[in-house]
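Colleague: Can you take me through this one? I'd like the sheet and then the helix packing.
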Amino acid sequence: MAAEVGGDSGAPKKGKKSGKAHKPKKRPRIDMTPMVDLGFLLLTFFVLTTTMSTPNTMPVVVPPKITEKDKDVEPPKISEDKVITLLVSRGKIYYYAGLEKNLQVTDFSPKTGIRKILLERRAEVEANYGKDEMIVIIKMMEDAQYRDFVDILDEMAVINQKKYALVEITPEEKDIVEEYRKTMEKTL
Amino acid sequence: MAKFKAKKQNITIDMTPMVDLAFLLITFFMLTVKFRAPESLEVHVPSSIADTPLPAQDIMVISIAPDATGKGGRVFFGVDSKHTRLAILEKIQERYGYEFDEQEKRLFSVLPEIGVPFSQLKSYLNTSEAERKQVDKISSIPIDSTNNELKEWILFARYSNPKIRIAIRADEKTPYPVIARVIETLRDQKVHRFNLITTLEAQPKS
């Protein structure tokens with residue numbers, strides 16, 4: 001008989017016109033709405049809690065400590081013309097090229113900040129000595145924060161500067177920065 | 001001939017494919033989900049362009065956050081596996097002579113990070129979770145030059161798992177001297193290569 005198409009809602013029902021009161025055999029239908037509700041609830045939950053992004057890491061290499069054994073070893077001599085020294089303070093970088101201690105100040109701004117200075121210095125060194133000869137000496141000041149530390153290392157990665165060293169700041173340099181700050185205050 | 005009458009019908013949408021898809025996705029997310037371990041020390045890491053993902057295994061994380069004064073820092077220590085944690089606890093028992101019972105060991109093995117001096121460890125493991133949270137807000141592993149327990153933690157962790165790598169997860173506002181002390185501690189132990197955990201930032205176009 002053609003009476004059991006009841007489950008298929010699309011097809012027109014036949015056999016309706018026959019006068020006999022005939023109970024169509026109905027296929028049991030399960031209302032899936034609650035299941036779907038639950039399904040999507042769980043889906044939403046897992047989508048939101050899943051951590052797709054793992055934290056990233058930045059590799060750092062520090063020089064070994066000078067021990068008793070290598071007290072007599074002379075530190076390698078480098079030409080001062082290749083060097084730029086950065087004294088990193090909170091959000092500010094004092095820098096000088098070579099040995100001349102005339103400080104200048106800059107910051108981390110992407111266009112006009114330290115990146116420009118480093119690239120300029122590198123071009124200078126490259127013109128005189130060749131590629132990859134510039135050495136950056138990074139000295140963190142006490143008032144710096146961790147963010148400055150990451151920023152300056154990041155800056156090295158951005159300009160692809162391989163030769164850099166983390167060095168402890170000397171008291172002399174601290175004095176120079178202090179002096180520089182004072183003169184800046186006066187001129188303002 | 002039967003006359004076809006336009007019949008009002010309930011439009012039912014066959015939801016089966018949708019349900020199939022939904023459950024497929026659920027299964028996928030359930031299998032791939034990795035719950036972020038609750039952090040004892042709240043840290044807001046700075047961003048950088050570094051895009052190397054942090055290895056999930058064989059890693060110890062030194063967490064650093066500024067303290068209440070903003071001058072000093074608080075240091076927490078965590079390793080990734082239960083096995084290593086238990087091995088570290090064994091070492092602490094040996095070295096300092098504290099006795100930990102089974103319950104304390106179990107608790108220690110599930111805590112992702114520890115930030116109390118060794119002397120307070122036993123009482124810390126015996127307090128309730130709410131109290132531990134309170135302690136976590138002010139405590140720290142001592143890193144002074146006279147009493148540097150972080151050194152011991154690193155030593156124990158490296159003993160327990162020689163393959164272990166070191167990551168520093170520090171808050172961006174941590175004063176640099178604290179970071180310098182931690183790096184010094186690492187250098188003292190001839191660790192010259194470590195990782196800083198950062199969040200990803202787009203690389204600037206040059």
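This is a predicted model: local features need pLDDT of at least 70, side-chain atom pairs count only at pLDDT 80 or more; totals for chains, interfaces and linings use all residues.

Colleague: What is the strand order in the open sheet of chain A?
Modeller: The order is S4-S3-S2-S5-S6, five strands with mixed pairing.

Colleague: And which are the edge strands?
Modeller: Strand S4 (104-107) and strand S6 (164-167) of chain A, each of which pairs on one side only. On average, neighbouring strands of the sheet are turned by 30° against each other, direction ignored.

Colleague: In what sense do S5 and S6 of chain A pair?
Modeller: S5(A), residues 135-140, runs parallel to S6(A), and the pairing covers four bridges. Within S6(A), A:Tyr164 is the bridge partner of A:Val136.

Colleague: Which strands does helix H2 of chain A touch?
Modeller: H2(A), residues 114-129, packs on the sheet and touches S2 (83-89), S3 (92-97), S4 and S5 of that chain. The direction of H2(A) makes about 15° with that of S3(A).

Colleague: Switching to chain B. At what angle do H2 and H3 pack?
Modeller: About 130°, with the axes of H2(B) (residues 82-96) and H3(B) (residues 102-110) 8 Å apart. That angle makes H2(B) oblique to H3(B).

Colleague: Left-handed or right-handed crossing?
Modeller: H2(B) passes H3(B) in a right-handed crossing.

Colleague: Which residues make the contact?
Modeller: From H2(B), B:Lys82, B:Arg85, B:Leu86 and B:Leu89; from H3(B), B:Lys105, B:Phe108 and B:Ser109. By class, the residues of this contact are three nonpolar, one polar and three charged.

Methods
Residues are numbered from 1 along each chain as its sequence is written. Chains are lettered from A and ligands numbered from 1 in the order in which they are written. Two strands pair if DSSP finds at least two bridges between them. Helices (H or I, at least four residues) and strands (E, at least two) are DSSP runs, numbered from the N terminus. Axes are lines fitted to C-alpha atoms, for helices over the stretch in contact, and angles run from 0 to 180 degrees between N-to-C directions. Two residues are in contact if their C-beta atoms, placed from the backbone, lie within 7 Å. Angles under 35 degrees count as roughly parallel, over 145 as roughly antiparallel, 65 to 115 as roughly perpendicular and the rest as oblique. A crossing is left-handed if the near helix is turned anticlockwise from the far one by less than a right angle, and right-handed if clockwise. Ala, Val, Leu, Ile, Met, Phe, Trp, Tyr, Cys and Pro count as nonpolar, Asp, Glu, Lys and Arg as charged, and the others, Gly among them, as polar.
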